[in-house]
Amino acid sequence: YGQQFVAYAKSAQGSDLWYKIHLPCGNGRACAGWVAGAYQGVAYSVEEPTATQVEVTGSGALGLNIRSSPGGSVLYATTGGGSSSIHTIDPATGAVLTTVGHPFGALNGLEFTAAGQLMGAYIPSPGSPSQLVIVDPTTGALTTIGQISSENVGGLAYPFGFGRLFGITSSGSAVPPVLLDVNPVTGLGTP
């Protein structure tokens, strides 16, 4: 339904096609999973025909949560987990250009706002509430805006057609996950 994702692995098994993607865990560890491209003759995901495909190298074995900068000149990625790093990636070559650490905690979701700010969903320690932060990819500094939710928030989205920031819970008592409308000024997420 128009959802885009960045796969970091692709597997063809006969006529079936699978993509491995980063998933928001919310438990302080990196997670990944496979989504179907085509399964038993039915297409579930398609590759964007005009998109450039590039293999990201030098990022280790972890799946990356990747967002393109406005204009697409640089990719920004985080590995998630308690000791995650922020990477800048050359979209033409897939080479990791820079890697910086950030304060201990899980930086799960990355998203650019219409104003060009890189924001993230940050969990400072296991069991602590998710915080909306502004991410400085050059230094790794995180500027806290405010608490999003008492639940772990594993991903953010700023669909430009909506002009609003959304978050999705990824663990805790909110099962199934809950879609949140996140206030970018206060950080508060409301169902």
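This is a predicted model: local features need pLDDT of at least 70, side-chain atom pairs count only at pLDDT 80 or more; totals for chains, interfaces and linings use all residues.

I started with secondary structure: the protein chain has zero helices and 16 strands. Helices (H or I, at least four residues) and strands (E, at least two) are DSSP runs numbered from the N terminus. Residues are numbered from 1 along each chain as its sequence is written, and side-chain values use heavy atoms, with hydrogens and water left out.

**Whole chain.** I looked up burial: 42% of the 191 residues count as buried (under 20% relative accessible area; exposed is over 50%, partly exposed in between, with a 1.4 Å probe and protein chains only). The accessible surface comes to about 10000 Å², and carbon and sulfur atoms hold 58% of that (Shrake-Rupley method, 1.4 Å probe; for residues, only the protein chains shown count as cover).

**Sheet.** I traced an open sheet of four strands in the order E9-E10-E11-E12, with antiparallel pairing (two strands pair if DSSP finds at least two bridges between them). Its edge strands, E9 (106-112) and E12 (142-149), each pair on one side only. From one strand to the next, the twist averages 30° (axes are lines fitted to C-alpha atoms, and angles run from 0 to 180 degrees between N-to-C directions). E9 and E10 (residues 118-123) run antiparallel and are joined by six bridges; I checked Leu110, and its bridge partner in E10 is Gly120.

**Another pair.** E13 (residues 153-157) is mostly covered, with four of its five residues buried. Four bridges join E13 to E14 (residues 165-169), again antiparallel. Leu156 stands opposite Gly167 in E14.

**Loop residue.** I picked His102, in the loop between E8 (96-101) and E9. Buried or exposed? His102 counts as buried because its relative accessible area is 12%. Beyond its neighbours within four places in sequence, His102 is in contact with Ser84, Ser85, Ile86, Leu107, Tyr122, Gly140 and Leu142 (heavy atoms within 4.5 Å).

**Charges.** How many salt bridges does the whole structure have? My search found one (a side-chain nitrogen of Lys or Arg within 4 Å of a carboxyl oxygen of Asp or Glu). Arg164 pairs with Asp181, the closest N and O atoms being 2.5 Å apart. Arg164 sits in the loop between E13 and E14, and Asp181 in E15 (residues 179-182), 17 residues apart. Arg164 is partly exposed at 40% relative accessible area, and Asp181 is partly exposed at 24%.
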